[in-house]
Amino acid sequence: MNGDGALERLRREGRIVVVGASLAGLRAAETMREKGFAGELTMIGDEPYEPYDRPPLSKQVLLGMATADGTALPRRRDIDAKWRLGVPAAGLDMAARRVRLADGDEVEYDRLLIATGVRARPWPNPDEAGLDGVFVLRTRGDAAALERALAAGPGRVLVIGAGFTGSEIASACRERGLSVTVAERGDAPLVGALGGVVGAVAAEMHRENGVDLRTGIMVTGLEGDSSGRVRAAHLSDGTTLEAEVVVVSLGAQRNTEWLAGSGLGAGPRGIACDAGCRAFDIWGIVTDDIYVAGDVARSPHALFGYQFLSLEHWGNAVAQAETAAHNMLSRSSERRPHLWVPAFWSSQFGVNIKSVGVPSMGTEIVITQGSRAERRFVGVYGYQGRVIGAVTFDQCRWLDFYEQQIEQTAPFPPPYATVDRRPEGERPIPADFPDPSVPTHGPTITLSGYSPADRRMTFTPAHN
């Protein structure tokens, strides 16, 4: 459709399909209706549930403070949609403007929004992954099953991976009084997302709260008993650890496989799109009828060198969905860019951790407020002489200020004195991030280069 008349027809009687009954998908659908879209709206989701909130799954649900089926997202308004739930999308015909479903049905569209998100990376050995007592945590069903296992009081829980989700699971286990071992191949928890300086603080938090934290180590295999239930894990240092529950927390995989052969610029890093959320094809040419939002999107950002960023952030999913919905229904002169500054939060071991910007781009860090020893501080990351990110431990009141510093490309190290600056924060030190060429499950932000059609990245598990 071209021209103002075609746009009005789209708003009045067009067909919009949203693939992904997710946070991003729901907020986009609500925004479309708020902006006057009166046509046919179809929501496609691979799970049998309408959109629900994921952050509580690793927090309140695992603590038994909420139920998995009580995490439905609040609705801003009725979206009057056709729901196609429990049947995933299986293919896309860009020329015919059709989404093919796994049951063989096809859904036609005039505009398509892809918000298929990510899924938990499974344990690489399918037989071991299928043992009773081995879990991942991503979906409502995952959370309900894991909570039941924890409520049964297992003798030991093993968490494989100490990224944010793995650390939150370990925290929930300790709060429930369970013995928990965390195996992390990096030098510290959160090291891929926040670097070694902050990771060392996270490691102290784990150990002070009774976690058996083992870093620089990999799980090489899981062992089951004759009934098919997990009973032990074999570690790379030659030891064997008995465990009744194993939680695999090795990061996420973007849900793009269904787009293979479609002609879209989609691959393991996500679906490439421009700053206005329009998808690129495999030749790097922007489409005008396919948009992307949420965890599966890969878009350039002016503040971060115009590199393509993939973000697994709640707030980004909402903001990008609203931008995509606006642009899907607007003429070109009215479209706007998605330039949200990344922001993330986690709660573990009684400490509230929040970040803004892209800490993993930082080469240096300076502690501008508070003290790492007290677990109450602000760390500011620098890259090529400018502020690129910040993290706070129980000091979130400073985040808005540092978000402004990032937006203004403020100099690093910050040239001003602060009220609560301690001697440890007087000079920058190396942020100590791991080698970026080594796959890591830690970052919630992935810098993925400059080519919108880049499909070359593969993930090779280190524990094979």
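This is a predicted model: local features need pLDDT of at least 70, side-chain atom pairs count only at pLDDT 80 or more; totals for chains, interfaces and linings use all residues.
Tutor: Helices are DSSP runs of H or I with at least four residues, and strands are DSSP runs of E with at least two. The UniProt annotation "domain: Reductase C-terminal", from an unreviewed entry, covers residues 344-414. That span is 13% helix and 51% strand, and its end C-alpha atoms lie 22 Å apart.

Student: Which annotation covers residues 15-321?

Tutor: An unreviewed UniProt entry gives "domain: FAD/NAD(P)-binding" for that span. The chain there is 21% helix and 31% strand, with 18 Å between the end C-alpha atoms.

Student: What makes strand 26 and strand 27 a pair?

Tutor: Two strands pair if DSSP finds at least two bridges between them. Strand 26 (residues 364-371) and strand 27 (residues 376-383) are joined over 7 bridges, in the antiparallel sense.

Student: What is the order of the strands in the open sheet?

Tutor: The open sheet has 6 strands in the order 24-25-28-27-26-29, and their pairing is antiparallel.

Student: Why are strand 24 and strand 29 called edge strands?

Tutor: Strand 24 (343-348) and strand 29 (429-430) each pair on one side only, and that is what the name records.

Student: Which helices lie across strand 24?

Tutor: Helix 5 (residues 164-175) lies across strand 24 and strand 25, at about 25 degrees to strand 24. Helix 6 (residues 191-208) lies across strand 24, strand 25, strand 26, strand 27, strand 28 and strand 29, and runs at about 5 degrees to strand 28.

Student: Which residues touch the most other members of the largest nonpolar core?

Tutor: V157, L194 and F393 do so, in a core of 66 residues. Helix 6 supplies the largest share of this core, 8 residues. The contacts of F393, leaving out residues up to four places away in sequence, include V198, V201, M205, V351 and F377. There is also a second, separate core of 28 residues, among them A24, A81, L113 and M328.

Student: Why is L259 called buried?

Tutor: Buried means under 20% relative accessible area. L259 has 2% relative accessibility, so L259 counts as buried. The residue is placed in the loop between strand 17 and strand 18. Apart from neighbours within four places in sequence, L259 is in contact with L92, I114, L264, A266 and I271.

Student: How many salt bridges are found in the whole structure?

Tutor: The search finds 29 salt bridges. One network of them links R15, R98, E106, E108 and D110.

Student: Why is the contact of R27 with E30 called a salt bridge?

Tutor: The term requires a side-chain nitrogen of Lys or Arg within 4 Å of a carboxyl oxygen of Asp or Glu. For R27 and E30 the closest N and O atoms are 2.9 Å apart, so the pair qualifies.

Student: What makes R119 and E257 a link between distant parts of the chain?

Tutor: Their salt bridge has its closest N and O atoms 2.9 Å apart. R119 is in strand 8 (residues 118-120) and E257 is in the loop between strand 17 and strand 18, 138 residues apart.

Student: Why is R119 called partly exposed?

Tutor: Partly exposed covers what lies between buried, under 20%, and exposed, over 50%. R119 has 29% relative accessibility and therefore falls in that range. E257, with 48%, is partly exposed too.

Student: How do we know that E312 and R254 form a salt bridge?

Tutor: Their N to O distance is 3.4 Å, and the cut-off is within 4 Å, so the term applies. E312 lies in the loop between strand 23 (308-311) and helix 7 (314-328), and R254 lies in strand 17, 58 residues apart. E312 is partly exposed because its relative accessible area is 22%, whereas R254, with 8%, is buried.

Definitions and conventions. Residues are numbered from 1 along each chain as its sequence is written. Side-chain values use heavy atoms; hydrogens and water are left out. Contact means heavy atoms within 4.5 Å. Axes are lines fitted to C-alpha atoms, for helices over the stretch in contact, and angles run from 0 to 180 degrees between N-to-C directions. Buried means under 20% relative accessible area, exposed over 50%, partly exposed in between (1.4 Å probe, protein chains only). UniProt positions are given in the numbering used here, feature names are shortened, and annotations may be inferred rather than shown by experiment. A nonpolar core is a set of buried Ala, Val, Leu, Ile, Met, Phe, Trp, Tyr and Cys residues joined through side-chain atoms within 4.5 Å.
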